[in-house]
Amino acid sequence: SKREINMRKLDSTKVRPLKSEQFLRIEDHDFALRPGFGGSPIPVGIDVQVESIDSISEVDMDFTMTLYLRHYWKDERLSFRSNRNKSLTFDGRLIKKIWVPDVFFVHSKRSFIHDTTVENVMLRVYPDGNVLFSLRITVSAMCFMDFSRFPLDTQNCSLELESYAYNEDDLMLYWKHGNKSLRTDEHISLSQFFIEEFSASSGLAFYSSTGWYNRLFINFALRRHIFFFVLQSYFPAMLMVMLSWVSFWIDRRAVPARVSLGITTVLTMSTIMTGVSASMPQVSYIKAVDVYLWISFLFVFLSVIEYAAVNYLTTIEERKQLKKRGKASGMYSIDAVQAMAFDGCFRDTDVDVDLTAFSDRCEENDTRARAASVSNVDTTRIKRKRSLKGNVGRIILQNNHVIDTYSRIIFPSVYIVFNFFYWGLYI
């Protein structure tokens, strides 16, 4: 009746529908149900444009990506008459009143729709009922990384899309334009990785309680830049190993010099290894960089052990010489270099070298120094220093142990062979 109609108009609790809702006849249908309910599954096409890959985290084993996600489907309930066949475009306010696909990201940790300055959602409806639904989303998802070849590795990650409620009997997800459905920005770049390829694929996922679901995959391969790790890890490790070899050319009786050099290189290698491990997840397997650093550490450590063996054998040799010459047990003579440091004259008879001519010169110099006047003392010292310069190098070379001689060849040769096999295996 007219009275009831007037009462409805005066009822302030009723909200009049918008013109767009009236135009699409939203109130005439139940949009809680999917299009074509009870019939064949509704096909929903997907295409994606990747705007950027924001970060790759090895510690958390995840990646963050910003993308445009677009859905295509047909809902005849939204069809309308149009003389010019023009589409209608809406923002996010209409989304809550119609049916839209419930696509979610599998293995995602965090995700959000951008809302600056307004929510980045677009809905476009065509006269025949075809619908385009677009979102701008940033999502962080898991990437199951394998670091056995780190930092010479290539990581394969994927972002997976799937319907949460509708299985394959109700909804069929597919790539709208096949392989061309996945597009990327030409300026995408990462600090530590080079993006080798992007590809799209599809498959099925089974859940024991709900059945089979269509799943779409955004696959991309990342190859790590090696130059940064060469400068930060490999090159310093090489230098420390080479520095440890310097001790093989130092006199075997220069204990402070050789021990301090060995301890310094060992501590530096430990610092390098700790720095690399701090930036990596605590995995239970050995990485490629661990192999290189531990082998380098072993070379440095063996150079210290090498000097310990040299020093021990030298001590045994000197004790045997002392016993042969009938000297007191436990007394050690001063070597040639130390004697020269005291008064510039060599007087050590325990060193197994031919220094007869050198000792004669020293005796002659002592005799002349006692007989000459004070004015000739300086001249005698200058001559003595000149004669010592030609013999110091020969004394040091002859005073090296045979182990040092072999170590100068064996250590560099083995290390070069190790580097050859290492880089040939992992590159």
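Colleague: How much of residues 409–426 is helix, and how far apart are the end C-alpha atoms?
Modeller: That stretch is 100% helix and 0% strand, with 27 Å between its end C-alpha atoms. Helices here are DSSP runs of H or I with at least four residues, strands are runs of E with at least two, and both are numbered from the N terminus. Before we go on, this is a predicted model, where local features need pLDDT of at least 70, side-chain atom pairs count only at pLDDT 80 or more, and totals for chains, interfaces and linings use all residues. Residues are numbered from 1 along each chain as its sequence is written, and side-chain values use heavy atoms, with hydrogens and water left out.

Colleague: Which residues does UniProt list as "transmembrane region"?
Modeller: The unreviewed entry lists 226–249, 261–280, 292–314 and 409–426. UniProt positions are in the numbering used here, feature names are shortened, and annotations may be inferred rather than shown by experiment.

Colleague: And what does the chain do over residues 226–249?
Modeller: That span is 75% helix and 0% strand, and its end C-alpha atoms lie 34 Å apart.

Colleague: OK, confidence. What's the average pLDDT?
Modeller: The protein averages 81, and 77% of the residues score at least 70. pLDDT is the predictor's confidence in each residue, from 0 to 100.

Colleague: Which elements have the lowest and the highest mean?
Modeller: Helix α6, residues 336–343, has the lowest at 42, and strand β7, residues 130–142, has the highest at 96.

Colleague: Where does pLDDT stay under 50?
Modeller: Residues 336–359 are one such stretch, and the model has 44 contacts for them beyond four places in sequence. Another is residues 328–334, with 10 contacts beyond four places in sequence. A contact means heavy atoms within 4.5 Å.

Colleague: Zooming out, how many helices and strands are there?
Modeller: Nine helices and 12 strands. Of the contacts between residues at least 6 apart in sequence, 76% join residues at least 24 apart.

Colleague: What share of the residues is buried?
Modeller: Buried residues are 40% of the 427. Buried is under 20% relative accessible area, exposed is over 50%, and partly exposed is in between, using a 1.4 Å probe and protein chains only.

Colleague: Back to the helices: what should α5 span, and what does it span?
Modeller: Helix α5, residues 288–324, has 37 residues and should span 54 Å at 1.5 Å a residue; its end C-alpha atoms are 54 Å apart, so the two agree. The expected span is 1.5 Å times one less than the number of residues. After α5 comes G326, with a positive phi near 70 degrees.

Colleague: How many disulfides are there?
Modeller: The count is one, where a disulfide is a pair of cysteine sulfur atoms within 2.5 Å. C143 and C157 form it, with their sulfur atoms 1.8 Å apart. The link is left-handed, with -80 degrees about the S-S bond.

Colleague: Where do C143 and C157 sit in the chain?
Modeller: C143 is in the loop between β7 and β8 (154–163), while C157 is in strand β8, 14 residues apart.

Colleague: Are those two buried or exposed?
Modeller: C143 counts as buried because its relative accessibility is 2%, and C157 counts as buried because its value is 3%.

Colleague: What about M61, what is its phi?
Modeller: Positive, about 55 degrees, although M61 is not a glycine. M61 is in the loop between β1 (42–57) and β2 (62–74), and counts as partly exposed because its relative accessibility is 24%.

Colleague: And the phi of H107?
Modeller: H107 is not a glycine either, and its phi is positive at about 60 degrees. H107 sits in the loop between β4 (103–106) and β5.
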